[in-house]
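Please examine the structure shown below. The explanation that follows leads the reader through it step by step.

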Amino acid sequence: MNGNTPYAGIPGETAAGKRAAADVPNLSKDEKRLLHRDVSRIAAQTREFLPNEYIVDSEISTGATGPQVTVAVRPPIGHAVSAGFTPNLDDGDSESDTPDLTDGVIAPDERSEVARGLAASAALQVKQAIGNNVTPTAR
């Protein structure tokens with residue numbers, strides 16, 4: 001060996017890597033902006049359902065199948081809850097491959113459903129953590 005690292009590999013992509021990358025949708029600049037706006041809306045709506053003691057955060061990452069969205073809630077006691085999903089970017093009409101983004105990347109009803117579900121799950125975590133250890137203040 002002449003000082004080169006053995007098994008360093010050859011630069012470039014394999015055929016399998018090209019096939020895997022072909023199925024991953026690339027977001028346009030507008031789609032990225034709309035996705036960030038939609039995720040922020042989910043987090044904001046979740047915050048509206050909960051008292052200030054609950055911490056709500058969101059994240060957008062890129063997974064093997066495209067963008068991955070996670071919105072999480074940390075209740076004051078109990079376990080954190082989260083909703084993670086891959087936005088459906090294939091909602092284009094049959095005549096073109098461009099998705100209809102008039103309502104955003106994530107449909108309004110889906111945003112509301114995720115926010116309500118997260119808020120309910122976070123409230124349930126608090127209820128389960130407290131259990132029957134709370135004395136009612138009135139009867």
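In this predicted model, the number of salt bridges comes to three, counting a side-chain nitrogen of Lys or Arg within 4 Å of a carboxyl oxygen of Asp or Glu. Because Arg33 and Asp30 lie three residues apart in helix α2, about one helical turn separates them.

Helix α2, which spans residues 29–49, also meets helix α3, formed by residues 108–130; the axes of the two helices come within 8 Å and cross at roughly 40°. The arrangement of α2 relative to α3 is therefore oblique. In handedness, the crossing of α2 past α3 is right-handed.

The contact itself can be described residue by residue. On the side of α2, Asp38, Arg41, Ile42, Gln45, Thr46 and Phe49 take part, and they meet Arg111, Ser112, Val114, Ala115, Arg116, Leu118 and Ala119 of α3. Of the residues in this contact of α2 with α3, six are nonpolar, four are charged and three are polar.

Confidence in the prediction remains to be considered. The mean pLDDT of the protein chain is 78, and 66% of the residues score at least 70. Among the elements of the chain, α3 has the highest mean pLDDT, 94, whereas helix α1 (residues 15–22) has the lowest, 46. For residues 5–12 the pLDDT is below 50, and the model gives this stretch one contact beyond near neighbours in sequence. Residues 92–96 likewise have a pLDDT under 50, and the model shows four contacts for them beyond four places in sequence.

Definitions and conventions: Residues are numbered from 1 along each chain as its sequence is written. This is a predicted model: local features need pLDDT of at least 70, side-chain atom pairs count only at pLDDT 80 or more; totals for chains, interfaces and linings use all residues. Side-chain values use heavy atoms; hydrogens and water are left out. Axes are lines fitted to C-alpha atoms, for helices over the stretch in contact, and angles run from 0 to 180 degrees between N-to-C directions. Helices (H or I, at least four residues) and strands (E, at least two) are DSSP runs, numbered from the N terminus. Angles under 35 degrees count as roughly parallel, over 145 as roughly antiparallel, 65 to 115 as roughly perpendicular and the rest as oblique. A crossing is left-handed if the near helix is turned anticlockwise from the far one by less than a right angle, and right-handed if clockwise. Contact means heavy atoms within 4.5 Å. Ala, Val, Leu, Ile, Met, Phe, Trp, Tyr, Cys and Pro count as nonpolar, Asp, Glu, Lys and Arg as charged, and the others, Gly among them, as polar. pLDDT is the predictor's confidence in each residue, from 0 to 100.
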